[in-house]
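Hi,

Here's the structure I'm handing over to you. Please have a look at it first, and then read on for what turned up.

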Amino acid sequence: MKKIIYYLAIIPIFGLLACSEEEEVEVNTSSIIPLTTASRNNQVQGCIEIEKRTVVIEAWDGQTIDGDIISIYANKGTADEEIIISQQELDGPSNKIRVTHTFKNGGYNYITLYAHNLGSLPPNTAAISVDGVPVTLSANLNTNGALDVVVKGFGVSCDD
């Protein structure tokens with residue numbers, strides 16, 4: 001009788017664990033970058049592919065440290081919008097801003113670089129890396145830098 005009670009107590013726990021590992025993920029099969037963000041045109045400046053949805057994003061001033069202030073958003077303007085970096089002044093490569101971020105979608109996501117100023121030497125030149133892949137995005141007070149970020153394993157790639 002004790003074995004039956006034990007199994008009855010354990011089975012629901014295994015069921016909960018199995019359900020928590022399976023997560024429904026929306027899959028975008030093409031770029032979802034909108035034409036504008038916050039009344040500025042989005043300029044698509046490339047595409048990178050990543051192995052998994054959780055990544056490390058680093059940001060620093062890619063040229064002269066001149067007081068550039070930026071925000072970086074994931075999927076801005078969509079239901080999955082998230083702030084990755086909010087109004088941070090950039091330093092050099094020896095003092096990078098480092099954030100772990102999980103994209104909500106499979107396939108296509110995107111990052112938007114929003115410049116809050118131009119620094120003392122325009123344009124705002126943020127260098128970022130996504131899981132160690134370096135990308136330079138530029139933005140000014142009229143346009144945003146945008147980057148397609150494709151999570152592999154969902155049947156899409158940057159070549160699509």
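This is a predicted model: local features need pLDDT of at least 70, side-chain atom pairs count only at pLDDT 80 or more; totals for chains, interfaces and linings use all residues.

Let me begin with a lysine: Lys-76 counts as buried, at 16% relative accessibility. Buried here means under 20% relative accessible area, exposed means over 50%, and partly exposed is whatever falls in between, using a 1.4 Å probe and protein chains only.

Before going further, some housekeeping. Numbering starts from 1 along each chain as its sequence is written, and side-chain values use heavy atoms, with hydrogens and water left out.

Back to Lys-76. What does the side chain of Lys-76 meet in a salt bridge? The partner is Glu-81, at 3.3 Å from N to O. By salt bridge I mean a side-chain nitrogen of Lys or Arg within 4 Å of a carboxyl oxygen of Asp or Glu.

Over the whole structure, the search gives 5 salt bridges. In general, side chains of opposite charge can pair when their charged atoms come close. Another one of them joins Asp-131 and Lys-52, at 3.2 Å from N to O. Asp-131 is in the loop between β9 (124–130) and β10 (133–139), and Lys-52 is in the loop between β3 (40–50) and β4 (54–61), so this pair ties together parts that are 79 residues apart in sequence. Both ends are partly exposed: Asp-131 has a relative accessible area of 34%, and Lys-52 comes in at 46%.

Then there's Glu-58 with Lys-96, whose side chains meet in a salt bridge at 3.8 Å, N to O. Glu-58 belongs to strand β4 and Lys-96 to the loop between β6 (82–89) and β7 (97–102), so here the parts tied together are 38 residues apart in sequence. Glu-58 is buried at 15% relative accessibility, whereas Lys-96 is partly exposed at 33%.

Now the overall layout. The protein chain has 1 helix and 11 strands, and along the sequence the pattern reads α-β-β-β-β-β-β-β-β-β-β-β. Helices (H or I, at least four residues) and strands (E, at least two) are DSSP runs, numbered from the N terminus. Of the 160 residues in the chain, 39% are buried. As for contacts (heavy atoms within 4.5 Å), take those between residues at least 6 apart in sequence: 75% of them join residues at least 24 apart. The chain exposes about 9000 Å², and carbon and sulfur atoms supply 53% of that; accessible areas come from the Shrake-Rupley method with a 1.4 Å probe, and for residues only the protein chains shown count as cover.

One sheet to look at is an open one of 4 strands, in the order β7-β4-β9-β10, with antiparallel pairing. Strands β7 and β10 stand at the edges with a single partner strand each, so one side of each has no neighbour in the sheet. On average, neighbouring strands of this sheet are turned by 25° against each other, direction ignored. The axes behind that angle are lines fitted to C-alpha atoms, for helices over the stretch in contact, and angles run from 0 to 180 degrees between N-to-C directions.

Within that sheet, β4 and β7 run antiparallel and are joined by 6 bridges; two strands pair if DSSP finds at least two bridges between them. Which residue in β7 is the bridge partner of Val-55? That would be His-101, which is buried with a relative accessible area of 7%. Leaving aside neighbours within four places in sequence, His-101 has contacts that include Arg-53, Ile-57, Ala-74 and Ile-84.

Last item: sulfur. There is 1 disulfide, counted as a pair of cysteine sulfur atoms within 2.5 Å. Cys-47 is joined to Cys-158, at 2.0 Å from S to S. Its S-S torsion is about -80°, so the disulfide is left-handed. Cys-47 is in strand β3 and Cys-158 in the segment after β11 (143–151), so the pair ties together parts 111 residues apart in sequence. Both cysteines are partly exposed, Cys-47 at 30% and Cys-158 at 23%.

Cheers
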